[in-house]
Amino acid sequence: MKFYLQNCFVASRCEFHLARKPQLRPSPIAYCLLLALLPLAAAEPDKLSVYAPPARYSVPVVSLDGRQYVGLLELVEPLSTPELKPDGKKWKLRIPDPKSAGKFAEAEFEEGSATAKVRGRQTTLSAPARNENRRLLVPLHGIGTVLIPLLGTDVTFHEGARRLFLGGTASAISSELRKGDPSTLALHFAEAVNPNIHSEGNALILSFTRDPVVSFTEYEGLNDKLFSSSAYEEKNGTATLTINGSAPLLAKFADNGRTIVVSAAPAPPSETPTASSPSNAQPQTPPEQAAQPTNVIESVVPGTAPLPIRRPQTSAFLVVIDAGHGGSDTGARITPNLPEKAITLSLARRLRQELQVRHIPVTMLRDSDSDLTLEQREAATNLARPSVFVSLHAEPGASLRIYTPALPTSSDAALQRNTFLPWQSAQGAFSADSGALASSAAEAMGKRKMNAQVRPAFLQPLHAIAAPAIAVEAPADANGLKISEDQLAGALAEAIAGRKPSGGGAQ
Amino acid sequence: MIPRNVQITLVLLLIAIFGSGIYILLLHQGSEEGLRRASDQRPVAAPVAGSNETLQLTIAYDEDGVFRTRDVSAVVPSEPSARAKSVLEALISYYLSKPSPHELADGSSVNSVFMVNKKLAVVDLNQALAEGHRSGIMVEDFTLISLIETLATNLPQVEQVKILINGKERETLAGHADIRSTYSTAAIHKVVAQLQ
């Protein structure tokens, strides 16, 4: 049986004492190690984002001999039900023909050969196909020569940014500056979008990974008192729109997610001490604007051990949001093309916005389709020392449920918070608070006409979380959540905000 | 010259004779097969050494979100490991029958149960149960709770239960329910009491 001490608490205590005893300094070796590890952790793996009418997804890109390759099966699997069979050095791909029902489209590739046959016609690849660990890799450059005849669809490939648009999915962003005091900037999209939004100083950055948005302008001066310029960039499967302002900015969704309205961020209550990182605190910025909660948002970098998440201040009220599943762990299949992980990420981003509007700092354990083990989630959360932990899930059912952690071990002795806690049952010291948080969340949902059941569950990673923790499982179907995402996120944010002490400190 | 009516009668009689002969032949073969089977003393299934007992199963009802107990009669061995396996097989059979209050994947079963110091039961479930299990917090939890509570009810000496899938440890049953931990039957009983 695994039973080991919660070593993150040891780390946290050291930090606490160091803050009060300046004569004690951490070892320079620790600094060197941390500095050496940071670039490794920050390097995001190369990926190709694919936008097609039935699905939006990312596939990993592999670099071999200076050329970029992508797994053929991974590329076409979300679009169809392909069969890829090796036959000696040859590989045969067979997919249901998108053009005529009941028929099949076939393609043939050969390892080490740049010649392929698609629907019986010979085509030349930009580099030889490769077999890596029983995966057929095809070169990314000129991938359209395979996809256009195979899928019989339009292909637009932004190769430098690795964004692939199939079937005319690309849609341009249009912006509308509404002059006033203060002005607002409305960004209109052809369909509902769900970008990752964060701010750096007075710049608001919207990152679109799953949305097929494009812009024809890389830089635009806005010539406004509040908005100075907007810049558009595409990189590694993601489009990024940066709105530069003269004061901190805030984004709000409108028109069912098809419009994002950017405006000046309201000043946080002066009595609430929120966090700001030293690098973001501009000397000329008014103090009430410098204290933006978004400064503390960070995500765990996929494929690496979780980094010590920057904690704003020991006294700040911090919420950690765990978007359930991610990466290879898809969670429940709501429909063949809609995995649970996509719904939880969307809901997590919405909840983050709702909390930010209430001036509550938030950390997302994942803000992309990344793999995270349960232990990484536990460690990242406990290192952040949150005031509240929320894990989000979805299932193809009809009921909205809030789960409180049930512990697999029973102990008569109540755990004390300020001592070492057994890792697997650290939640034991916070059970009462978790129950109270679940009741508050159910009440807030009830006010919004959403009937939620509160139940105990043996759910990972709640056992090991050293903070009040709940999990929410929302009903979903082919169209996404069956209940309003805005309403659900709003209710959760309201319940969490209700637990924030009036002084703004951690509980 | 044989009259036409006599010819017809003779043909009908011949057909009746042949038909009766074939029928008698089939009857004879059937009776021989029956005798052969009756004289074959080889067992068709492994004998279960044990008494016929009434087992109490803790059944999960997904629709109502509750647990209810049901009594079933089964031949249960006295040896603890074999007894534990029989108890869990009875529970899984209940879920596999249609209509089921809590559906499990076809082919779900228990590979084996190991008893350690009479108090810890290590339950090895088969791959089909885990791989075909529906993914969801409640449905996974219900399977886990139902298995452990049923085991603890029928083998009161069991205090802890560890779940394996095909002989290996896993983090979750199907993405949610924790099977990394070793469960205390008392903790499970407390949750069942809340959900009855």
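In this predicted model, chain B holds an open four-stranded sheet of mixed pairing, ordered S3-S4-S5-S6 (strands being DSSP runs of E with at least two residues, helices runs of H or I with at least four, both numbered from the N terminus; two strands pair if DSSP finds at least two bridges between them). Strand S3 (110-116) and S6 of chain B are the edge strands, each pairing on one side only. Strand S5 (residues 160-165) of chain B pairs with S6(B) in the antiparallel sense over two bridges, and B:Val161 stands opposite B:Tyr183 in S6(B).

Turning to the interface, 27 residues of chain B are in contact with 26 residues of chain A (heavy atoms within 4.5 Å). The area buried between the two chains is about 2200 Å², with carbon and sulfur atoms giving 57% (accessible area, 1.4 Å probe, lost on putting the two parts together and summed over both). B:Ile137, B:His176 and B:Arg180 supply 30% of the area that chain B buries against chain A, more than any other three residues.

Two salt bridges are counted between chain B and chain A (a side-chain nitrogen of Lys or Arg within 4 Å of a carboxyl oxygen of Asp or Glu). B:Arg180 forms a salt bridge with A:Glu375, their closest N and O atoms lying 3.7 Å apart. Helix H4 (137-154), strand S6 (183-184) and helix H5 (185-194) of chain B each supply at least two residues of the side touching chain A; the largest share, six residues, comes from H4(B).

Residues are numbered from 1 along each chain as its sequence is written, and chains are lettered from A and ligands numbered from 1 in the order in which they are written. Local features need pLDDT of at least 70, side-chain atom pairs count only at pLDDT 80 or more, and totals for chains, interfaces and linings use all residues, while side-chain values use heavy atoms, leaving out hydrogens and water.
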